[in-house]
Amino acid sequence: MFNELWKKRIRLIEDEILLELNKTETIDQTLMDAMKYSLMSGGKRVRPILLMAAADAVNGSGSKFLTTASAIEMIHTYSLIHDDLPAMDNDDYRRGKLTNHKVYGEAMAILAGDALLTLAFEVMLRQRGVNHASILFVIDEISKAIGTAGMVGGQAIDILSEGKKLDLETLRKMHIGKTGALFRAAVKSGAILAGASSKQIEALGKYADSFGLVFQITDDILDVVGDEKTFGKPIGSDERNHKSTYVTLTSLDEAKRLANEAKDEAIENLSIFGAEADFLRELVQFLLVRKI
């Protein structure tokens, strides 16, 4: 049931992404091709699925917010395009395919990322069936999550930390921004759009924080023990780039323990919800056994 629902939602999200792209005007087709190349290159679509699942947990309305869900994926894709650039992580492959700059060149990859970020906010304003105040609330939540206090700030810490050994507190701070902030924004956005109470939004926000920690720790683990063909990108890139991770700062076994502990916290934070939040419960448990 879980896998079937996941696959169904991926199809819905990808159909919506193509629909939104087709609505978008461009004066240069190469730019649009570069945007589409990374946006439609596969992936788990975790962030838009989280948005939909959070809305389901509130009142079962996740499929109503595909427009905003697709915008979240555009933002995530922009971050990946820029993250792969030579000045950042300098990766040649993403999801088993050549990274954007390897296909379209560095300049066009930067522009494709810029365009996806800008387009995401245009797409959010296309969301229907929601009052304007809720849409503005979501835009505020997402813009803060991806800015200096969130994703970009975390990325800055990451760059400045290369070649340095971080303590666990700084590492967690970095990943709360770089990875966790967009998870939190996706979950809270789904709750807000679905008309959640302040208590529900708070609980789902705490769930998202624990979810982000599980995701990052398992990502660090996979960079050590994962299979490159399955993982879709080179294994061991963190070590080559001299980056501190939960594995390098503790141990493989301790990282697994921390991931399990965070998983339990995530599930506990859903205690105010019933069966309508089961997908969220299964999703965080899936992270512990994922191979990609």
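Is tryptophan 6 buried or exposed, and what is its relative accessible area? Tryptophan 6 is buried, with a relative accessible area of 8%, where buried stands for under 20% relative accessible area, exposed for over 50% and partly exposed for what falls in between, with a 1.4 Å probe and protein chains only. The model is predicted, so local features need pLDDT of at least 70 and side-chain atom pairs count only at pLDDT 80 or more, while totals for chains, interfaces and linings use all residues. Residues are numbered from 1 along each chain as its sequence is written, and side-chain values use heavy atoms, with hydrogens and water left out.

**Aromatic pairs**

The structure holds eight aromatic pairs, a pair being two rings of Phe, Tyr or Trp (its six-membered ring) with centres within 6.5 Å, called stacked if the planes are under 30 degrees apart, edge-to-face if over 60 and tilted for the rest.

| Pair | Centre to centre | Angle between planes | Class |
|---|---|---|---|
| Tryptophan 6 and phenylalanine 286 | 5.2 Å | 55° | tilted |
| Phenylalanine 183 and phenylalanine 211 | 5.1 Å | 80° | edge-to-face |

Tryptophan 6 belongs to helix 1 (residues 2-22) and phenylalanine 286 to helix 15 (residues 278-286), so their pair ties together parts that are 280 residues apart in sequence; helices (H or I, at least four residues) and strands (E, at least two) are DSSP runs numbered from the N terminus. Phenylalanine 286 is partly exposed, at 24% relative accessibility. In the other pair, phenylalanine 183 of helix 9 (residues 168-193) and phenylalanine 211 of helix 10 (residues 198-225) are 28 residues apart and link distant parts of the chain. Phenylalanine 183 is buried at a relative accessible area of 0%, and phenylalanine 211 is buried at 1%.

One aromatic cluster is formed by Phe2, Trp6, Phe279 and Phe286. Over the face of phenylalanine 279 lies arginine 9, at 5.6 Å from the ring centre, and the charged end of arginine 47 sits over the ring of phenylalanine 215, 5.6 Å from its centre; a charge counts as over a ring if NZ of Lys or CZ of Arg is within 6 Å of the ring centre and within 35 degrees of the ring normal. The buried residues in helix 15 include Phe279, Leu280, Arg281, Leu283 and Val284, and their cover includes helix 1, helix 3 (46-59), helix 10 and helix 14 (252-268), with contact meaning heavy atoms within 4.5 Å.

**The largest cavity**

There are two cavities of 30 Å³ or more, a cavity being a set of points on a 1 Å grid over the protein atoms alone where a 1.4 Å probe fits but cannot get out, and lining residues having an atom within 4 Å of a point. The largest cavity has a volume of about 110 Å³, and of the 13 residues that line it, Ser38, Ser41, Asp84, Arg94 and Asn100 are the closest to its centre. Helix 4 gives the largest share of this lining, three residues.

**Positive phi values**

Asparagine 90, which is not a glycine, has a positive phi of about 55° and lies in the loop between helix 4 and strand 1 (93-94). Arginine 95 has a positive phi near 55° and is found in the loop between strand 1 and strand 2.

Technical notes:
On a 1 Å grid over the protein atoms alone, a cavity is a set of points where a 1.4 Å probe fits but cannot get out, and a pocket is an open set with protein on both sides within 12 Å along at least five of seven lines; lining residues have an atom within 4 Å of a point. Grid points are joined across faces, edges and corners, and a volume is the space filled by probe spheres set on the points.
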